[in-house]
Amino acid sequence: MPADLSPIDKAKFVAAKRASEFVESGMRVGLGTGSTAAWLVRCLGEMVREEGLRIRGVPTSARTAALARDVGIDVISLDEAKWLDLTIDGADEFDPELNLIKGGGGALLQEKIVATASDQMIVIADAAKEVANLGAFPLPVEVVPFGWQTTQALLSETLEAMDVMGREITLRMNGERPYVTDEGNYIVDLHLGRIGNARQLALILNQMPGVVENGLFVDICDRVIVGHGDGRIELR
Ligand code: 5RP
């Protein structure tokens with residue numbers, strides 16, 4: 001373990017390290033995005049360089065692709081891989097059914113495509129990500145820039161009609177400008193407070209014109225590895 005890690009980084013590291021034990025030579029592995037997934041990529045890089053692990057990695061963002069190449073992982077596209085044995089990624093929240101909110105790092109679209117194209121998805125998370133109900137973390141929704149304010153208004157009307165608790169919607173910013181995803185889209189964050197029916201909300205959001213994808217991952221995650229600041233690990 002790297003020296004002098006803060007408790008939160010230690011939690012992320014131990015979860016990532018444990019997840020790396022599920023990776024075997026010959027696998028095509030989806031590589032998630034975010035600070036926890038970055039630990040996983042570094043762990044896998046070390047296994048490639050020092051233990052002869054042979055894997056092909058499909059990154060879920062330009063950031064992860066750059067890191068994976070840096071640490072020595074053979075990077076291929078999803079279309080080259082066609083199908084993946086395993087994806088390992090972080091999450092912003094997970095509930096007892098292992099449904100997730102993702103996209104805090106802005107990579108939800110590629111993350112969902114890659115995870116869905118995998119035999120198995122393992123989430124790695126620090127204990128603070130575990131919740132009884134999804135929704136305290138603002139739900140990211142990727143929208144096309146064209147007419148985004150109209151899409152936002154439509155989202156607002158839809159949430160009102162569904163009678164969800166919180167309805168504040170904010171455009172994610174990068175300084176003075178809108179945050180732009182790897183696919184050239186914007187992200188609006190829905191401050192809902194509590195999501196009653198994640199499956200229904202995910203379906204409704206994706207039916208709206210202008211919405212590209214939402215950050216609810218329902219029935220996609222198979223296992224969560226929870227890391228704690230004292231180095232303990234739990235499997236969900
Ligand atoms: C990126 C994500 C991340 O997995 C999520 O935001 C968790 O990030 P971190 O591991 O830095 O807490 O969904 O789009």
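The buried residues of helix α5 are L108, L109, Q110, E111, K112, V114 and A115. These make up seven of the nine residues of α5, so the helix is largely enclosed by the rest of the structure. The model described here is predicted.

**The annotated residue in α5**

Helix α5 spans residues 108-116 and contains E111. The unreviewed UniProt entry lists E111 under "active site". E111 has 32 other C-beta atoms within 10 Å; because the threshold for a buried residue is 20 or more, E111 counts as buried. Beyond its neighbours within four places in sequence, E111 is in contact with G32, T33, T60, D89 and K102.

**The ligand shell**

The ligand is surrounded by 18 residues, of which the closest are G34, T36, G90, G104 and G105. By class, the shell comprises four nonpolar, 10 polar and four charged residues. Helix α5 contributes to this shell as well: both α2, which covers residues 35-51, and α5 supply at least two residues each. The largest share, three residues, comes from α2.

**The four-stranded sheet**

Elsewhere in the model, four strands form an open sheet in the order β9-β12-β8-β13, with antiparallel pairing. Strands β9 and β13 stand at the edges; each has a single partner strand, so one side of each is left without a neighbour in the sheet. From one strand to the next, the twist averages 25 degrees.

| Strand pair | Sense | Bridges | Residues standing opposite |
|---|---|---|---|
| β9 and β12 | antiparallel | four bridges | I169 and L190 |
| β8 and β12 | antiparallel | five bridges | V143 and Y186 |
| β8 and β13 | antiparallel | three bridges | V143 and V211 |

Strand β12, residues 186-191, pairs with β8, residues 139-143. Strand β9, residues 168-171, also pairs with β12.

Which way do the side chains of β8 point, and are they buried or exposed? L139, V141 and V143 point one way, whereas P140 and E142 point the other way, and all are buried. Five of the five residues of β8 are therefore buried, and the strand is mostly covered, the criterion being 20 or more other C-beta atoms within 10 Å. The charged residue E142 is among those buried in β8.

Helix α7, residues 198-206, lies across β8 and β13. The helix runs at about 160 degrees to β13, a strand covering residues 211-214 at an edge of the sheet.

**Summary of the two regions**

Two parts of the predicted model have been described. In the first, α5 holds the annotated residue E111 and supplies at least two residues of the shell around the ligand. In the second, β8 pairs with β12 over five bridges and with β13 over three bridges, while α7 lies across β8 and β13.

Notes:
Residues are numbered from 1 along each chain as its sequence is written. This is a predicted model: local features need pLDDT of at least 70, side-chain atom pairs count only at pLDDT 80 or more; totals for chains, interfaces and linings use all residues. UniProt positions are given in the numbering used here, feature names are shortened, and annotations may be inferred rather than shown by experiment. A residue is buried if 20 or more other C-beta atoms lie within 10 Å of its own, exposed if 12 or fewer, and partly exposed in between; C-beta atoms are placed from the backbone. Two residues are in contact if their C-beta atoms, placed from the backbone, lie within 7 Å. A residue is near a molecule or strand if its C-beta atom, placed from the backbone, lies within 6 Å of it. Two strands pair if DSSP finds at least two bridges between them. Axes are lines fitted to C-alpha atoms, for helices over the stretch in contact, and angles run from 0 to 180 degrees between N-to-C directions.
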